[in-house]
Amino acid sequence: MVLAEILRHPRFELAGVGVSNPAKVGLDAGDLCGAPETGTVATDSIDELIALRPDAVVHYGPTAQFADENIRVIEAFLRAGIDVCSTAMTPWVWPAMDKTPRAWRDPITEACLVGGASCFTTGIDPGFANDLFPMTLMGLCGEVQSVRASELLDYTDYEGDYEFEMGIGKPPEFTALLEHPDLLVMAWGPTVPMIADAAGIQLDRITTTWDKWVTPVDRPSAKGTVRAGTVAAIRFTVNGIHRGREVITLEHVNRIGRDAAPDWPSGTRDDVYRVDIVGSPSISQETSFRFTDGSGRTPAIAGCLATGMRALNAVPAVNELPPGWVTPLDLPLIAGAGTIR
């Protein structure tokens, strides 16, 4: 999806395409995204891509479940002096978080130093909904008693990974990967201490909750049928505790079917990202992503494109920053230069 946007964007020039699927090696970039041929062919050679000397690599690799491969790829570009903007390693959204293993952090720190390059991870949760949105709204308040960032999505048409990660489609006794508190905080929680840092407070601790909803009926989905008696909705929170009180909350409610878990939070519209601030003033904001081009693509796909575009549009700003780790707190306003045309 992002590749198609790059090909028609006036501010970006596609230098090369790296792929991990052997079947895509040698294919034209246009063939990969349903566009006319470009003359740029895909490769799985990092050396070939480095030799192109791009201004940046926009990296859409797998999740932190495949950390070693992500580090191998990203480290190579950084050592070669090429900035990286990525969605993959969500623990890198806030690298200072103490739960991030040093083996996942130190190689990138060194690579940035050696190559004089910068590394920005926006996350796939998506990062901007969990950090940029709440922090921007907090800047409109005189006092914030609590802030909650929620993802409220119907996964019926979503084809991403959620079975082993979230336990959706699994029996209720199955323990999902993210159900382990330490893994949940490391993978999905870095925005919580980031918001705390931006607000100038030190959290006492970070806690989590995890709830499951079992469907009484079969439910169709893009990935097959979620059977009766299995989990069809999950709700989790990652909570920042300050002076004994929950002040920052990251919440996800993910369903198969709009009527699943009817007592759990929903947006005023389907498939939204919501921020709720209790303070002076109190603020509620809902953001929905939609395609209005007649393509029939779902809100989940629209959210994926927005996630990818955040990484792409950040490239010029990341290029201007000193070498090292980059977080949303380091970036200026990214207004999408070249998008109105």
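Which element gives the largest share of the lining of the second largest cavity? The answer is α6, with three residues.

First, the ground rules. This is a predicted model, in which local features need pLDDT of at least 70, side-chain atom pairs count only at pLDDT 80 or more, and totals for chains, interfaces and linings use all residues. Residues are numbered from 1 along each chain as its sequence is written, and side-chain values use heavy atoms, without hydrogens or water.

A search of the whole structure finds two cavities of 30 Å³ or more. A cavity is a set of points, on a 1 Å grid over the protein atoms alone, where a 1.4 Å probe fits but cannot get out; lining residues have an atom within 4 Å of a point. Points are joined across faces, edges and corners, and the volume is the space filled by probe spheres set on them.

The largest cavity has a volume of about 40 Å³. Its lining includes Asn 130, Pro 134, Arg 148, Thr 191 and Leu 250. Two or more lining residues come from each of α6 (127-138), β6 (143-154), α9 (191-199) and β11 (245-255). Helices (H or I, at least four residues) and strands (E, at least two) are DSSP runs, numbered from the N terminus.

Now the second largest cavity, at about 30 Å³. Among its lining residues are Val 93, Phe 120, Phe 128, Asp 131 and Arg 310. Here β5 (118-121) and α6 are the elements that give two or more residues.

Terms used: On a 1 Å grid over the protein atoms alone, a cavity is a set of points where a 1.4 Å probe fits but cannot get out, and a pocket is an open set with protein on both sides within 12 Å along at least five of seven lines; lining residues have an atom within 4 Å of a point.
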